[in-house]
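Please look at the sequence and the 3D structure shown here, and keep both in view while reading. The paragraphs below lead from the whole fold to single residues.

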Amino acid sequence: MTEPLLVDRTDAVVTLTLNRPTAMNSLDVALKEALRDTLAELETDRSCRAVVLAGAGGSFSAGQDLREHVQTLEAADADPLATVRAHYNPIAARLANLPKPVVAAVRGMAAGAGASLAFLTDFRIGGPKTRFLMAFAGVGLAADTGASWTLPRLVGHAKAVELLMLAEPVGAEEACRLGLLNKLVDDDEQVLPTAQELAARLAAGPTVAYGAIKRQLSIADAGTLADALAAEAQAQSICGATADHKAATMAFVNKQKPVFEGH
């Protein structure tokens, strides 16, 4: 049986590949559970210092597997979208709060919850065939997997309303202009290698500080200046006690290049 999620480790970089290429990497229960549980394991895995999220074949992810969803609807389930609480919400929380950098290699289509997954990562790399489609309204649904939170922060409230309500595809160049992509490469075949190269660079950096930066920004986005200042003070107390901070400070004073160990 083919594994729905491939996990590859290269040094301190873990690449997670959504592995349902014949279904455009649509998210069935098996894939959602594998992604949810693997992200939970990576939270405390100190050997992992950066993560790449990719899709097998020519697509990133088409979002929810609607063929599977039809079976749920036909079963007259009292809560046909129970998967949001059971799968999508935990995945979104773990992906956004992972205390290490996450890079999405967005090759081809990223639609619905597939696009939402990409927006939860810290960096998104795309190619000429990259497309984003907030497909939810097209099947009579509102946004999920954190899109109502990530999209306004990436593109602003007005554009988020447009993308979610009109449900029109966004091409690679427009996605880059809007901030949905951090980098657009010229060749789709280079999307994954470029994402992995960036992840390797991040994996060699101050992992604790990166995690603290992610927490700071999350708090500052939703809070007051006082909240942000409190979060900064806490973060600096944590980072200031790390071996990485001490070693990097000494390296700077001695005009040497710092070597970060991730702790």
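The structure is a predicted model, in which local features need pLDDT of at least 70 and side-chain atom pairs count only at pLDDT 80 or more, while totals for chains, interfaces and linings use all residues. Residues are numbered from 1 along each chain as its sequence is written, and side-chain values use heavy atoms, with hydrogens and water left out.

The secondary structure of the protein amounts to eleven helices and eight strands; here helices (H or I, at least four residues) and strands (E, at least two) are DSSP runs, numbered from the N terminus. With a radius of gyration of 19 Å, close to the 18 Å that the globule rule gives for 263 residues, the protein is as compact as a globular protein of that length. That radius is taken over C-alpha atoms, and the globule rule is 2.2 Å times the number of residues to the power 0.38. Along the principal axes, the C-alpha atoms fill a box of roughly 65 × 40 × 35 Å.

How much of the protein counts as buried? Of its 263 residues, 44% count as buried, where buried means under 20% relative accessible area, exposed means over 50%, and partly exposed lies in between (1.4 Å probe, protein chains only). The protein exposes about 13,400 Å², and carbon and sulfur atoms supply 56% of this area, which comes from the Shrake-Rupley method with a 1.4 Å probe; for residues, only the protein chains shown count as cover. Among the contacts with a separation of 6 or more, 69% come from residues 24 or more positions apart, a contact being heavy atoms within 4.5 Å.

The strands can now be followed one beside another. An open sheet of six strands has the order 1-2-3-4-6-8, with mixed pairing, and two strands pair if DSSP finds at least two bridges between them. At the edges stand strand 1 (5–10) and strand 8 (183–184), each of which pairs on one side only. Strand 8 pairs with strand 6 (residues 123–126) in the parallel sense over two bridges, and Gly126 has Leu184 in strand 8 as its bridge partner.

Most residues other than glycine have a negative phi, whereas Asp11 has a positive value and is a residue other than glycine. Asp11 counts as exposed because its relative accessibility is 77%. A further positive phi, of about 55 degrees, belongs to Met24, although Met24 is not a glycine. Met24 is found in the loop between strand 2 and helix 1 (29–43) and is partly exposed, with a relative accessible area of 37%.

Strand 2 also pairs with strand 3 (residues 50–55), here in the parallel sense and over six bridges, and Thr15 stands opposite Val52 in strand 3. Is strand 2 mostly covered or mostly open? Strand 2 is mostly covered, since six of its six residues are buried. In a regular strand the side chains alternate between the two faces of the sheet. In strand 2, Val13, Thr15 and Thr17 point one way and Val14, Leu16 and Leu18 the other way, and all are buried.

Thr17 counts as buried because its relative accessibility is 14%. Not counting residues up to four places away in sequence, Thr17 touches Pro4, Leu5, Leu6, Ala54, Gly55 and Ala56.

Two residues towards the end of the chain complete the walk. Thr242 lies in the loop between helix 10 (225–240) and helix 11, and it counts as buried because its relative accessibility is 11%. Leaving aside neighbours within four places in sequence, Thr242 is in contact with Val208 and His263. Gln256 has its place in the segment after helix 11 (243–253) and counts as exposed at 52% relative accessibility. Gln256 and Ala118 are 138 residues apart in sequence and, C-alpha to C-alpha, 36 Å apart in space.
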